[in-house]
Amino acid sequence: MTKTFKYVDLFSGCGGLSLGLRAAGFKERLAVEKSEMPAETYYHNLIKPIDDVDEWKREYVGADLSGQVEKGLVVSELGKLLERDDLVKNIAAEGIDLVAGGPPCQGFSMAGRRNPDDIRNQLPWQFLEFVETVKPKVVIIENVSGMKSDFAKHGKRSPFAELQDALREIGSGYVVQPLLLNARHFGVPQNRPRLFLIGIVQDIASKLGITVSGALWSSADDDGRIIATEGGRPRLAPRRTHFTGAELQKLGQDADRQQERSVREALYDILDAKPSERSGAYQAQLAELDQLVTRKKTNSLKNHNKRRHSEKVKRRFSFYQMAAERGINKLVLGIPLRKEISRDARNSAIHASYPAPGPDGGNGFLEDIDIFVQHVHELATKKHSQRALRLHEPSPTVVSLPDDFVHPVEPRVPTVRELARFQSFPDTFEFRAKETTGAYRRRVEVPQYTQVGNAVPPLLAKALGTHLHAILAEARGEE
């Protein structure tokens, strides 16, 4: 009988990585998440449905760490678990095959304060301390792309480089491959590049002849062929499965190559559109993930509360949608607020942004150039991060706040469920706790939108997990 490979998910968040590893055939032994909000979502979907959250907080969150370890989820900081040497050694004695996790990325993000003394940069080293004690066969570390950049102004190396060196030296040593994997290349309808460090113990690497390139390898460079070639896809990298239409034309049609998924495919039923063959394939994949979630389908779509906006904001959202469709630079809405240039100069710049007539001769505020200029003045804003989703492309990277995105059809921001679709969560996966929170609470609260934005897309985790599962099976002599 085939023995099940067991894993531990550190910094687990709401459970996107765990759901994908579960779908890949791994058996979860333990997850660790310090924040109650995403921990509630994890427990509710991957351990046992929560009917009374207050009771869950009293009886579970307030329980001793040993009781939480036994049930499979520690709601506490990893450092607190590491202080319980007895618990960690007991976990190690059970035989853990894989330790995975994404240490909080804010300290490494290019968008954040790049301070190497930030306490959040210490968390990956706690991760490695756990690995050193538990001695898994495989290690996965996931984080944002900015993690690889050096702290140049501080004269310090990047955490990404230091983590590679440290992982190579832990215990008997790991062979480490750095990867840049984009979720869109693995069937997720989202452009989401993320860094991974994949480590495999030296004895398995030697047994199977696994070597690493040393340099960062990107899934964008993969042609999708089954066999990895020397100088091409490294052995520890999953095979890319999805490509743009232009790439498919260049590479040629192949049963193992599919077209990248789009916003329309992810939202076809929400858009009241007829399902296409491609959207049906995506829904079928999510239905497979459904089977791994504790609570099954209900009559209503969970986490699909449409937010309300003022009439002016809705008009601005409609502008962004038209801009995306007609190739108008959305930054035109900032021109009326540029007081350093004259009004005539501002109007000239707005005129220059007026698009050529479309097939229908223009409509709405594009009916003629004077109406266009009037609308630009009325809708002027200094906020430039907002953009409308494009139906026939993957969504941009889903972030922790919804306000940067505009629905592709309706004048509103996406719902939690819509963003979860872009992340490849099945509809049965219910996000818990409050939907969003105020700016001053973001340091301590992790509401639904943030849980979705912080998660590893389950289908990406499944692709990586399936690949590593096959390597472990091969090392154990299984077919």
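Let's start where two helices meet: Arg-343, Asn-347, Ile-350 and His-351 of helix H14 are in contact with Ile-369, Phe-372, Val-373, Val-376 and His-377 of helix H15. By class, this contact brings together five nonpolar, three polar and one charged residues. Please keep in mind that the model is predicted.

**The H14–H15 pair**

- H14 covers residues 343-352 and H15 covers residues 369-378; the two pack at an angle of about 115 degrees.
- Their axes lie 10 Å apart, and the crossing of H14 and H15 is right-handed.

**Strand S2 and its partners**

- Strand S2 spans residues 27-32, and five of its six residues are buried, so the rest of the structure largely encloses this strand.
- One of its partners is strand S1 (residues 6-10), which pairs with S2 in the parallel sense over five bridges.
- Another partner is strand S3 (residues 73-74), which also runs parallel to S2 and is joined to it over two bridges.
- Ala-31 is a handy residue to look for in the viewer: Asp-9 stands opposite Ala-31 of S2, and in S3 the bridge partner of Ala-31 is Leu-73.

- For context, most residues other than glycine have a negative phi.
- Phe-11, which is not a glycine, has a positive phi near 55 degrees.
- Because its relative accessibility is 18%, below the 20% cut-off, Phe-11 counts as buried.
- Lys-135 is another residue other than glycine with a positive phi, here about 55 degrees.
- Lys-135 is found in the loop between helix H7 (123-134) and strand S5 (138-143).
- Buried or exposed: how does Lys-135 count? Its relative accessibility is 56%, over the 50% cut-off, so Lys-135 counts as exposed.

Methods. Residues are numbered from 1 along each chain as its sequence is written. This is a predicted model: local features need pLDDT of at least 70, side-chain atom pairs count only at pLDDT 80 or more; totals for chains, interfaces and linings use all residues. Side-chain values use heavy atoms; hydrogens and water are left out. Buried means under 20% relative accessible area, exposed over 50%, partly exposed in between (1.4 Å probe, protein chains only). Helices (H or I, at least four residues) and strands (E, at least two) are DSSP runs, numbered from the N terminus. Two strands pair if DSSP finds at least two bridges between them. Axes are lines fitted to C-alpha atoms, for helices over the stretch in contact, and angles run from 0 to 180 degrees between N-to-C directions. A crossing is left-handed if the near helix is turned anticlockwise from the far one by less than a right angle, and right-handed if clockwise. Contact means heavy atoms within 4.5 Å. Ala, Val, Leu, Ile, Met, Phe, Trp, Tyr, Cys and Pro count as nonpolar, Asp, Glu, Lys and Arg as charged, and the others, Gly among them, as polar.
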